[in-house]
Amino acid sequence: DPEARVALGRYLLLHGADPKRVLDRFYDPVMKQNPDLVDAFHAAAELALDKQDAALAADTLRAAPKTAAEDPTHHLLLARALAEGDRPGSAAALDQALKLNPNFVAALLMLVDGLIDRERYDEAARTLDRIAEVNPREPLAWAHRAVLAHLRSDPEGEEAARRKALEPWPG
């Protein structure tokens, strides 16, 4: 079952398997034998991104079936892959992800990262408010709020947001 092979590859990676072996034994064969299985292309692109190989991730995503264009995750992965080398392409891919799903938290978080980098703190805070409407407990959103509080010299706000971000991991 190709879907099971992709899931098993992801499981093995989470448990320390060699990424090259997972790619060679799980993802590549599935992509060749089942070229319409979008998830295999996404798994391979995620692996490439985890290994800091943005070019391979972008190439893998470009080789995905046409149906991938309907999946916001595909566009988010492409935005991540293009982030360093093709900022306009990355922005367009991120816009497409949010067009397909305006409440896609991972895409909104990537947007917040860019807004903070460009010192557009008020817009970043508004985007974090949008995330809170979808998932008020999202740890990465609270971590970003801590960053914004730090940048605004608000140590109490920073510590409160940091505590909130760490709530899922009390230890």
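Mentor: Welcome! This is a predicted model, so local features need pLDDT of at least 70 and side-chain atom pairs count only at pLDDT 80 or more, while totals for chains, interfaces and linings use all residues. Residues are numbered from 1 along each chain as its sequence is written, and side-chain values use heavy atoms, with hydrogens and water left out.

Trainee: Why are α1 and α2 called roughly antiparallel?

Mentor: Helix α1 (residues 2–14) and helix α2 (residues 19–33) pack at about 170 degrees, with axes 9 Å apart. Axes are lines fitted to C-alpha atoms, for helices over the stretch in contact, and angles run from 0 to 180 degrees between N-to-C directions. Angles under 35 degrees count as roughly parallel, over 145 as roughly antiparallel, 65 to 115 as roughly perpendicular and the rest as oblique. The angle of about 170 degrees therefore makes α1 roughly antiparallel to α2.

Trainee: Which residues make the contact of α1 with α2?

Mentor: Contact means heavy atoms within 4.5 Å. Among the residues that make it are Val 6, Leu 8 and Leu 12 of α1 and Val 22, Phe 26 and Val 30 of α2. By class, this contact has eleven nonpolar, one polar and three charged residues. Ala, Val, Leu, Ile, Met, Phe, Trp, Tyr, Cys and Pro count as nonpolar, Asp, Glu, Lys and Arg as charged, and the others, Gly among them, as polar.

Trainee: How do you know that α2 and α3 are roughly antiparallel?

Mentor: The axes of α2 and helix α3 (residues 38–50) come within 9 Å and cross at roughly 155 degrees, so the two helices are roughly antiparallel to each other. Leu 23, Tyr 27 and Met 31 are among the α2 residues that meet α3, whose partners include Phe 41 and Leu 47. Here the residues divide into ten nonpolar, no polar and no charged.

Trainee: What makes α8 and α9 roughly antiparallel?

Mentor: Helix α8 (residues 121–134) and helix α9 (residues 139–151) cross at roughly 155 degrees, and their axes come within 10 Å. They are therefore roughly antiparallel. Their contact includes Tyr 121, Leu 128 and Asp 129 of α8 and His 144, Arg 145 and Leu 148 of α9. The classes come to nine nonpolar, one polar and two charged.

Trainee: Which residues line the largest pocket nearest its centre?

Mentor: Arg 87, Ser 90, Met 110, Gly 114 and Arg 118 lie nearest the centre, out of 13 lining residues. Helices α6 (87–100) and α7 (105–117) are the elements that give two or more residues to this lining. The lining divides into five nonpolar, two polar and six charged residues.

Technical notes:
Helix = DSSP H or I, 4+ residues; strand = E, 2+ residues; numbered from the N terminus. 1 Å grid on protein atoms, 1.4 Å probe; cavity = no way out; pocket = protein on both sides within 12 Å on 5 of 7 lines; lining within 4 Å.
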